[in-house]
Amino acid sequence: MATYKKKYKAEGKKEQQQFDESEFETAGVLNTLDETASRSEQWIEKNSKPLFYALVGIVVIFLVYFGYNKYISEPNEIEASNELAFPRKYYDQASTAGSGIDSLLTLGLEGADGKYGFLDIAKSYSGTNAGNLANYYAGVSYLEMKQYDKAIDHLEKFNSDDEMLGPITLGAVGDAFADINQPEQALEYYQKAASKKQNDYTSPLFLYKAGMTAMELKKFDKAASLFTEIKENYPTSDQGRDVEKFINAAKYAN
């Protein structure tokens, strides 16, 4: 019996020791959390002013952004869009006129009767969609008037991710370079136009123009590659129907 009691007391002490250690560890964790919380409170108290100013700054930035869009950007966009209607009238007339095209295009470019033309809109509303679009109309107008340097300048300022308008604009720059006998630059822009927004109309068209320009530059391997791309990816397009003969012409020209 004595042995049993002695063993029982020893186990009791071990359990008591484990319990005490557990309490000690818990107290240590709590102390650590208290210290961390205290340091956090001290840091917040010390930096309360910078934090407040940062918060105020964020609110001010948001209000300025909101106010700019609401009271400056949006009204400016509407105003620019309304201004664009006047020169577009002359541009549309020029596209269907049998003669006197240059005079109509000039009215569209320069404006009349106190109304803005494409050039004024592009300059005065440069940050708007209408101002951006005015550069496109100005560039195409100059291209029709065979003023190629001015056409290139305005078309390069125009930016669009539209499925058709983006590639057509780059292709128009290529046409302008081709017309002033700069085929290297024309080839570069035709390739950009072909890959800008891949579709069954603009891509084969500008691949074909790029291929023909490469032939002119005697870059026959390049031309064969461009024509082959039409054959493989756009076989039912207008350019794809007869493209085999251009592939053979490029290969045999080497």
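Which residue lies over the face of tyrosine 189? In this predicted model, that position is taken by lysine 192, at 4.7 Å from the ring centre.

Contacts between rings come next. A pair of aromatic rings is described by the distance of the centres and the angle of the planes. The structure holds 12 aromatic pairs. One of them joins tyrosine 91 to tyrosine 137 in an edge-to-face arrangement, with 4.9 Å from centre to centre and 70° between the planes. Tyrosine 91 belongs to helix H2 (residues 48–96) and tyrosine 137 to helix H5 (residues 129–144), so this pair ties together parts that are 46 residues apart in sequence. Tyrosine 91 and tyrosine 137 are both buried. Tyrosine 116 and tyrosine 125 also form an edge-to-face pair, with centres 6.4 Å apart and 65° between the planes.

Helix H5, which contributes tyrosine 137 to the pair with tyrosine 91, deserves a description of its own. H5 has 16 residues and spans 23 Å from its first C-alpha to its last, close to the 22 Å expected at 1.5 Å a residue. Because 13 of its 16 residues are buried, H5 is largely enclosed by the rest of the structure. Just after H5, lysine 146 adopts a positive phi of about 65°.

Technical notes
Residues numbered from 1 in each chain as written. Predicted model: local features only at pLDDT ≥ 70, side-chain atom pairs only at ≥ 80, totals over all residues. Heavy atoms only, no water. Phe/Tyr/Trp six-rings, centres within 6.5 Å; stacked < 30°, edge-to-face > 60°. Helix = DSSP H or I, 4+ residues; strand = E, 2+ residues; numbered from the N terminus. Buried < 20%, exposed > 50% of the residue type's maximum accessible area, 1.4 Å probe, protein only. Lys NZ or Arg CZ within 6 Å of the ring centre and 35° of its normal. Expected span 1.5 Å × (residues − 1).
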